[in-house]
Amino acid sequence: MIALLLRLKRFCGIIAGMVFFLSGIVKLMDPVGAGLVMSEYYQFLHIGFMDFSAKFMGTLFAFAETIIGAAVITGVWRRITAKIALGLQGFFTLLTIALVIFNPEMDCGCFGEAIHLTHMQTFVKNLILLALILIYIIPLTHLGETRKRKYVSFSLITVSVLAFTIYSWLYIPMVDFTAYKPGAKLVAGATIDPEDMFETTFTYEKDGERKTFTLDDLPDSTWTYVSTDTHTNEEALDQFVELSFYKPETGGYLDTLATKGKVMVVSVYDTDMNARSWKDIKGFMGRADNAGFTTILLCSSTKGIPSNLREHAYISDYKTLISLNRSNGGVTYFCDGTLIRKWARISAPDKSELKETYETDKTEVLIGRESKGSLAFQGFLLYVFAVMLLL
C-alpha cells in the first residue's frame, strides 16, 4: 500500500514538475516577451513604477519556475522543493482569481506566446496543478528517498537552463510564436481572394436535429434548410500581418516599401542606444545596400537617432516593432512582402552571408532557418528530459 502511494505521489509530482518546467522554458526562450507580460502584471497590480525591471523580473520568475520544475521532476531536496512548488502555485492561483474577478484585457502569459489561455482556463489549469502538488506533498513524510545520481542530473539541468537563458537573452527566440513569424505576409503587399476572406456555412435540420454544413458538403434532400451564415475566415487571415510606418517630415504611410523585392528592415523599438550600437546599424545598412537589398530603418521615435541615419529612418509603432523582432536593432528580411528570416542585432549577417542570402531562393532560406531553430529547441527539450528522467 505504501509503495502504491509513493508511486501515485511521484507520478503527480512529475506531471506538475513538467508543467512548471515547460511553462518556464517557453518564457525563457523569449525574455522580451516575458518582460512584456510582467509589465502588464505591474500595471494590473498598480506598480507601474517598477516597469524598468520587467524584463529582468520576467526572466527571473521564468528561470525560478523552470528550476523548481526540474527539482520536482528529479526529486532532489524533496521536502523543500515540494513546499516551494506549493507556495508558488498557491500564489499563482490567488493571482488568477483576481484576474477572473477583474477580467483585465491581458494574457496570463503562463506559456508565453506559445499558448494563450483565457483567465478562466488559467484558473482551472492552476486548480488542477494545485491538486497534483497537494497529492504529491501530503503527507510530507512520504516523499521517498532521492537517488544520489539525481543531484548530478539536477546540476546538469541547472547549468543547461542557465546557458539557454543567456543565449535567449542575447539572441532572438529559437522558435517564433508571434504573428510576425517567418512565412507571414504583409497586408500592404497582399492580394487576398475574397473567397478566402469569408467562409459561408449552411444550417439544415432533420428529425429535430440541426447541423452545419459547408458549400462542398451539403446534405441530401431529406434535410430541411434553416439558415446561411457568412463569417470571416480567421485561419486565412492569420497569415497576414501589418507593418505600418511613415516619414515624420512628410507624413503618410509608406507600408508598400517593405513589399518591393528583397528588403532588410532594421527595427529599433528603443532608440536610447549607445553610439556603438548605432554605428553597427549604420555599417550593416551599408553592407546590405551593397549586396543589393533595399534597407529600411524603423524606429519607435525620432529621439536619439544619429544625424547620419535620420534621413533613412521611418517611424512605426512600438508594439509592432517589438513584435516584429525581439532584438532592439535586429534585422528582418522580407522578400516580396513575405517575412523570410530574422537576426538579432549582435548576429546581423556579414558581407558574405548577405550575398549568400540574396542569391539563395527565399523558400530555401525560410525553411532552412525555421528547421534549424525548431530542431535545436526540440533537441534541447529531449536532452533535458532524458537527463531528468533517465539519468
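Biologist: How many aromatic pairs does a search of the whole structure find?

Modeller: This is a predicted model, in which local features need pLDDT of at least 70, side-chain atom pairs count only at pLDDT 80 or more, and totals for chains, interfaces and linings use all residues. Residues are numbered from 1 along each chain as its sequence is written, and side-chain values use heavy atoms, with hydrogens and water left out. Rings of Phe, Tyr and Trp (its six-membered ring) pair if their centres lie within 6.5 Å, with planes under 30 degrees apart counted as stacked, over 60 as edge-to-face and the rest as tilted. Searched in this way, the whole structure has aromatic pairs numbering 13.

Biologist: Which kind of pair do the rings of F21 and F385 form?

Modeller: The centres of the F21 and F385 rings are 5.5 Å apart and their planes stand at 65°, so the pair is edge-to-face.
Although F21 and F385 are 364 residues apart in the chain, their ring pair is edge-to-face.

Biologist: Is W77 buried, exposed or partly exposed?

Modeller: Buried means under 20% relative accessible area and exposed over 50%, with partly exposed in between (1.4 Å probe, protein chains only). F154 has 11% relative accessibility and therefore counts as buried, whereas W77 has a relative accessible area of 47%, so W77 is partly exposed.

Biologist: Which residues do ring pairs link into a cluster with W77?

Modeller: The rings of W77 and F154 have their centres 5.6 Å apart and their planes at 90°, so this pair is edge-to-face. Ring pairs link W77 into a cluster with Y151 and F154.

Notes
Helix = DSSP H or I, 4+ residues; strand = E, 2+ residues; numbered from the N terminus.
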